[in-house]
Amino acid sequence: MKLTRPLERVLRVFLADISARHYGYDLMKAASLPSGTLYPMLARLQDQGLVSSEWEPVGAGGRPPRKYYQLTGDGVRVARLELAQAARAAVQATAHPAQPAPGSAR
Amino acid sequence: MTGRPPAQRLAERLIRRACRRLPGGIRDERYREWAAELPAIIHDPDVRFALLRSARTLRYAAGVYRTTRHLPQAASAPAWGERQPAIFPRPDGVIPAIAAVAAWAIILGLARAFPAVVSSSGPWHPLVIAALFLPAALVALAVIRFARWLRRRSRQTPGP
């Protein structure tokens with residue numbers, strides 16, 4: 001899984017409360033992502049078994065039932081690992097800024 | 001009269017159209033999922049202005065329209081359970097191209113019908129400006145979409 005900025009935002013929303021279920025627009029708002037970015041991402045995460053989806057019962061709230069998304073157990077583990085690695089890489093990049101390669105022009 | 005705001009109805013139509021690209025197995029489910037989000041967007045209490053909520057609703061539908069091009073299932077599975085795949089698939093950009101021709105025809109028709117109005121205001125008459133820019137923009141859109149379509153096709157075509 002390549003951790004892009006949008007993916008990182010979505011994973012953070014999920015991890016903020018791993019028991020919470022989110023519908024599409026809810027995720028879009030929380031992660032500040034357009035639908036054209038979010039849904040392909042959710043589809044990929046679902047294909048990888050990291051996110052599961054579930055329909056809410058018919059008649060809930062007197063509106064059409066929504067589909068809710070939630071991280072799977074595997075998804076929680078992978079998301080935490082990926083975010084931790086990204087945070088570590090960011091700290092390392094700050095502590096040791098990239099050095100010019102030997103022999104490269106200054 | 002259904003009681004739903006026009007933006008919601010338009011968004012539903014756009015989503016329905018987008019879902020036609022999807023394979024039969026997931027098409028209905030995806031439509032139900034995306035259409036069910038529309039009431040939340042059009043009545044979003046965090047967005048104060050109705051016009052803005054309508055714009056968001058349409059932007060959501062436009063995003064869904066894009067999504068159906070990139071969903072992995074859409075690329076791999078055969079679309080349209082009921083239809084046979086087209087022998088000569090319609091390239092993208094045809095509709096903007098037709099719209100450009102139609103716009104030109106309408107604008108020329110208007111210019112011929114009201115020559116005095118056009119000539120009295122000189123080159124900055126709105127009709128002249130529309131004749132210059134609107135069809136040109138549509139043609140540009142048609143060319144861009146056609147080029148993307150060609151690129152996608154060349155990627156999908158298996159090599160020797």
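Me: Is B:Asp44 buried or exposed?
Reply: B:Asp44 is buried, at a relative accessible area of 2%. Buried here means under 20% relative accessible area, exposed over 50%, and partly exposed in between, with a 1.4 Å probe and protein chains only.

Me: Before I go on, what should I know about the model and the numbering?
Reply: This is a predicted model, where local features need pLDDT of at least 70 and side-chain atom pairs count only at pLDDT 80 or more, while totals for chains, interfaces and linings use all residues. Residues are numbered from 1 along each chain as its sequence is written, chains are lettered from A and ligands numbered from 1 in the order in which they are written, and side-chain values use heavy atoms, with hydrogens and water left out.

Me: Thanks! Which residue forms a salt bridge with B:Asp44?
Reply: That's A:Lys29, with the closest N and O atoms 3.1 Å apart. A salt bridge is a side-chain nitrogen of Lys or Arg within 4 Å of a carboxyl oxygen of Asp or Glu.

Me: And where do A:Lys29 and B:Asp44 lie?
Reply: A:Lys29 sits in helix α2 (residues 24-31) of chain A and B:Asp44 in the loop between α2 (24-42) and α3 (50-70) of chain B, so the pair joins two chains. Helices (H or I, at least four residues) and strands (E, at least two) are DSSP runs, numbered from the N terminus.

Me: What about the accessibility of A:Lys29?
Reply: A:Lys29 is partly exposed, at 35% relative accessibility.

Me: OK, how many salt bridges over all chains?
Reply: The count is 10. Among them, A:Glu56 pairs with A:Arg63, with 2.4 Å between the closest N and O atoms. A:Glu56 is buried at 8% relative accessible area, whereas A:Arg63 is partly exposed at 24%.

Me: Which residues are linked in a network?
Reply: A:Lys67, B:Glu29, B:Arg30 and B:Glu33 are, through salt bridges.

Me: Switching topic: what's the fold of chain A like?
Reply: Chain A has four helices and three strands, in the order α-β-α-α-β-β-α from the N terminus.

Me: And how much of chain A is buried?
Reply: Of its 106 residues, 38% count as buried.
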